[in-house]
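Student: Can you walk me through this one? I'd like the core, the sheet and the aromatic rings.

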Amino acid sequence: MSSTDLVPSPGAQAVQALARTDARQFLTFRIGEEEYGLDILRVQEIRSYEAPTRVANAPAFVKGVVNLRGVIVPILDLRLRLGQAGEYNAFTVVVVLNVAGRVVGIVVDSVSDVLELSAEEIKPRPEVPAALDARFITGLGKIGDRMLILLDIEAMIKSPDFGLVD
């Protein structure tokens, strides 16, 4: 085998680069038995759950606020917002997001991993009644036997239902 056998041809490199441009990365997490994904570019950090400071007259899914390095961050329990029970344990995490021009934390049961999905692996959202408004679902990711519900977290946070954005 020569050293040229190990180097991809310029044409192969161009095809690989093109394949990477239509792929998107998603942070995957669990809420109950369901697995969700959101655009990794929205994620600022992942933190263990710490009880936030409660805000008077806030909806039940707004757990309160935390001071994150000088920034006051609202903490939303996405589990409660989706009608799931919210048990806090060692796996419960807060995913800190940068969406709609602000920093927001969402509470989820656990974070799984980061997956790269090609356009072919993302299927259109189904038109069925669900606890989550269909306008917040960008599609379904299919990887082998796994099915991910892909969220448009920015549209969700901007929604009047959340009451966070003017």
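Predicted model: local features only at pLDDT ≥ 70, side-chain atom pairs only at ≥ 80, totals over all residues.

Student: How many residues are in the largest nonpolar core?

Tutor: The largest nonpolar core has 27 residues. Such a core is a set of buried Ala, Val, Leu, Ile, Met, Phe, Trp, Tyr and Cys residues joined through side-chain atoms within 4.5 Å. Buried means under 20% relative accessible area, exposed is over 50%, and partly exposed is in between (1.4 Å probe, protein chains only). F29, L38, L78, L97, I106 and I153 have the most contacts inside this core.

Student: Which elements each supply at least two residues of this core?

Tutor: β1 (24–31), β2 (34–39), β6 (93–99), β7 (102–108), β10 (137–143), β11 (146–151) and α3 (153–158) do. β6 gives the most, with four residues. Helices (H or I, at least four residues) and strands (E, at least two) are DSSP runs, numbered from the N terminus.

Student: What is F29 in contact with?

Tutor: Leave aside its neighbours within four places in sequence. Its contacts (heavy atoms within 4.5 Å) then include L38, L78, V108 and L151. There is also a second, separate core of seven residues, with L68, I75, V96 and V103 among them.

Student: On to the sheet. What is the strand order in the open sheet of five strands?

Tutor: The order is β3-β6-β7-β5-β4, with mixed pairing. Two strands pair if DSSP finds at least two bridges between them. The edge strands, β3 (43–48) and β4 (62–68), each pair on one side only. Neighbouring strands are turned by 30° against each other on average, direction ignored. The axes behind that angle are lines fitted to C-alpha atoms, for helices over the stretch in contact, and angles run from 0 to 180 degrees between N-to-C directions.

Student: In which sense do β3 and β6 pair?

Tutor: Antiparallel, over five bridges. E45, for one, has V96 in β6 as its bridge partner.

Student: Now the rings. How many aromatic pairs does the structure hold?

Tutor: Two. F29 and Y36 have ring centres 5.7 Å apart and planes at 15°, so this pair is stacked. The rule covers rings of Phe, Tyr and Trp (its six-membered ring): centres within 6.5 Å make a pair, planes under 30 degrees apart count as stacked, over 60 as edge-to-face and the rest as tilted. F29 and Y36 are both buried.

Student: And the other pair?

Tutor: Y49 and Y88, also stacked, at 4.5 Å centre to centre and 25° between the planes. Y49 is in the loop between β3 and β4, and Y88 is in the loop between α2 (78–81) and β6, 39 residues apart. Y49 has a relative accessible area of 21%, so it is partly exposed.

Student: What lies over the face of Y88?

Tutor: R79, at 4.6 Å from the ring centre. The charged end of R81 sits over the ring of F61, 5.4 Å from its centre. The test is NZ of Lys or CZ of Arg within 6 Å of the ring centre and within 35 degrees of the ring normal.

Student: Last topic: what about the backbone?

Tutor: N57 is not a glycine, yet has a positive phi of about 60°. N57 lies in the loop between β3 and β4. Its relative accessibility is 83%, so N57 counts as exposed. A100, in the loop between β6 and β7, has a positive phi near 50°.

Technical notes. Residues numbered from 1 in each chain as written. Heavy atoms only, no water.
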